[in-house]
Amino acid sequence: MNGKPLAGMSNPFRQTIVRDAWESLADVPEIHAQAFETCCGAFENVRTSRHCDSVLLHGGAGSGKTHLLNRLRRHWTSSREQDGSEPMSRCVFLYCRLQTNPHRLWQHLRKTFVEDLLHRFPDGTTQLQRLVACRFAEGDGKGRPAAKWLGWIRNPANRDHGGWNRILLPWLEREARIGFSLQRVLYHLITGRHVIEAGAWLKGEDRLPEDALDVLGIRGNDEGQTEDGAREVVLSLCRLASPLMPVAFCFDQIEALQTSRDDEESFFLFGQMGSSLFNSSNNALLISCIQSSVMDHFKRAIREADYDRIAQRTETLDPLDEKSAHLLIAGRLDLSRELAPLRAGHAQKPLWPINPRDLDPLFSLSGGQTARKIIGFAGGLFSKLQTGEAPRPGDPMEFLSKEFDRRRDMAMGQDEAESDMSLAHGLPLLAEIVGGHWRKERQPDKDIDLLLSHGKKRVAVSLCNQQNMRSLAARLKRLEGWHSRNKDAKLVLIRDRRLPISKTATATRNRLESLEEKGARQCRPDLDTLAALQALRSLISDARSGDLHDGGDPIGPQTVQEWLSGILDSRLTAFFGEIVGASETQEEADSEVMSMILDVLKRHRVMTLEKLAEQAGQPVALVEETLKEHPGRIGRLQGPPVVLFDYRPAELLSSGEEDRE
Amino acid sequence: MTDEKQEAIKRVLHDSQTPKSMPQIRKDLSGRLRLTSKELAGLLQEMAGAGRIFEWPRRTYWDRDPRHVVPPRILELLDKSPAVTPAKIKAALKLPLQLIHTALEDLVRKGRAHIWQPGKTPLYSRLDPSTAALDMIKSALADGPMTEKDLVSRLRKRLPGYQAKHFRDHVSHVDGILEHPRQGKVKTRYGLKPPEPGPYLSKAAQEILLIHKLLSPFHVSLEAIHDALGRELGLEHGKKGLVPERPRAERTSREAEPLILEGIHRLQPPGQRRALVSIRELRRSLSLGKRVFDEAVLSLALQRKVALHHHDFPTGLPQDERDELVRDEQGTYYVGIVPREAS
């Protein structure tokens, strides 16, 4: 094969990861056809039986779970009307990637629900508009089709039509049993008024100023966003739809909820949420995707009754055999416009320019491979045909380094609402990596986002990123109560440095002062730290889901954690040190041996226990004992060999203090 | 004109997803026809009399016959729950009890539903209680012997109200289920195979160990005691009677293949042939030797009878967990197994 004609062409196998069920993708319907049929069967069952149904999909990393959801999304949201006029949805489709803190599952689902409800199709309509059009058509005595209603809703001339007030609001109240604030917000979104403010409120963002709330005609909520509140909104939004137009909840990457390999609580909480959705509505279809390798763990962690509700039907996405692999490769090659003229001359060879025999090594023992591995392998073959050389395997550490930097740079653009989610999800992961002796405890209260313990020391972390001062004051008040009942724990309040506390927020300031007088400490991470934390959490979540790789085999969470602990991003370690440092008393900090250890670490930053003891001129046992007494100051990575580092490098500590001044 | 009116009424009822009352029908007709209540009532009665439409409870009408619509809805409901009372069916379908009872009687007569009456209230189920109970008992016992209490509690999950008396009744009518006798701390158990003598010998084993301790200063080994015991019991080495059945662990991988396929089926939820089964769970349920199990699993994969799911990051697992998985020659560890998708 002469490789020259292919030189310079883009490799059709470059994309190996499907990030989202909303992406536009080429599809081979024969692959995982049975799983697709099972999901469609469950969907029809919801429509006819008026009861919820569910499918649990198992598959290895890269087996095509997200791709299958993508196919279902296209199937359910782009079916044509019987008269062939406009494409109309047959369901409300939600794609929820579970890269979040398991204690904020409902809040995450609420946000995703709203974002997807406001998702705009190529024809300019949103899912919400399509949903309302279908409901109007269902209740229309004159039998006008949904497409006609959709046209009426989108017509700007009808925006001020009196019918909205007469029909929509009573319908929301009586039929959908939706509360006043939500009614008003939906009314604005459906009629296209104050869309940004209404969307933000519906997603649970608390940044809306009083005048925006006035415009929407609703009142603020002092409590801020809570899991119960988010659950209520999600269930209310479900009631907007009817069993004839079910709500398809597609949960992807359940395994990304785990903060560590042994974390069972996150699966338990997912089970509770799924069960609650199943029990509280009559029009929900739950499709949950999980990696085969965590199946045992998942089953063990969740209640049997919850499992039964989530897994009314189970399906497995098998590794692909040779026949399916050929279809997959041919599908990709067919899509390439550059290749089309060359391929036309080889009509008898559907895989041209790839030789089918070159694929044999993929199917040696177990007789199957995941779709991602097949695409990656074919990409390598294509590249070899282009250049005459097989692509050299990349260095995973270099890849991780570049990925971390890329993700951190991207996260520099995240806003304050996103940084709160980053903190909620990222802090437990950070504690897992640099926490050393610190152990994560079960969340004791809804206002405590992370509880760390070491011996008798306990540090309770509360995220206080409320933008609405009333919500912040209410949270601080609850924290005062909690702190007075749990005096043994040191309370650390974390607030994004970009979020000011307004001068007029007297109650908030007073409560903050009062908490600080009682020993609570404030910690204000800057954007660099938050971006690094976001990069860390997204890397670990992708690794846990098997979605992190550089063309070859996926890079596992353990490798990522080891790499992250090896590079020890100084901002992140300093941030963690600032949190756990709250547990240290003045006497502990002033210990003589400790001063020696810190002196050595100040010069070398990171070193093994033995080397440090040698340099400090102290026995190893004494150094170890001292370290145990100062869990808030010295970081420790379990070896072998045991590696020590200063949580708060001097240069960062001083700059942080200057900032505070 | 009357035909036109009847046609319009029929169309309204045809488009509706539920039976409609007279005022609802009148409202739906308002765009096309104006009918007085009296006139509409007359037309509805006439159409119902002629069998063109059907009268439903609470003075509602539909173009679908309740005798045809209600039974499938009940069956759908029964498919989701193991056994349900008529009152629950009534609440779920929002239909009068009378209609439910008639439909249930019809379904029972046709053998499509069964009555299960553990207490005062009858429950209805898709499963024939005694057949289902026996199947469940046999399937549970395939994993090994169980006590009556454990069996009853397992059956109660599928047949609400299932009690020990039902169990004894069901077991007494079937061959092949053996009652293993009680002795000391060993409770009465039920099994498909004769009891393993091991649990019954624990006291005797303790006594033998005491004797071994007593005689060990004289360098009497356990093997010597074992030989003496054989002589005392009138047994000789090599006699077939000592080995009543070849243990599972000694079977060849070829013999183990059907056992593995059966085991997969048993561990899958009923009717879900595509549910992934954990290799660990399967291994534990079969008690085959590790080598035999691993070879049989890989052989089934090569024959394309099953698909294997690998673990992406086995190095992150502790050694004991890794040992429970199946490893092929290339070092890939498999964590799940499922019968292959029908092509």
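Me: How far apart do the C-alpha centres of domain 2 of chain A and domain 3 of chain A lie?

Reply: The C-alpha centres of domain 2 of chain A and domain 3 of chain A lie 46 Å apart; the domain bounds come from an automatic or database domain assignment, which gives 319-387 for domain 2 and 405-583 for domain 3 of chain A. This is a predicted model, in which local features need pLDDT of at least 70 and side-chain atom pairs count only at pLDDT 80 or more, while totals for chains, interfaces and linings use all residues. Residues are numbered from 1 along each chain as its sequence is written, and chains are lettered from A and ligands numbered from 1 in the order in which they are written.

Me: What span should helix 17 of chain A have, and what are its end C-alpha atoms apart?

Reply: Helices are DSSP runs of H or I with at least four residues, and strands are runs of E with at least two, numbered from the N terminus. The expected span is 1.5 Å times one less than the number of residues, so the 16 residues of helix 17 (396-411) of chain A should span 22 Å, and the end C-alpha atoms, 22 Å apart, agree with this.

Me: Why are the buried residues of helix 17 of chain A said to line one face?

Reply: The buried residues (20 or more other C-beta atoms within 10 Å of their own, against 12 or fewer for exposed and partly exposed in between, with C-beta atoms placed from the backbone) are A:Leu400, A:Phe404, A:Arg408 and A:Ala411. Seen down the helix axis, they fall within an arc of 65°, so they line one face, the arc being that of the directions from the axis to the C-beta atoms. The face turned away carries the exposed A:Glu398, A:Lys402, A:Asp405, A:Arg406 and A:Asp409.
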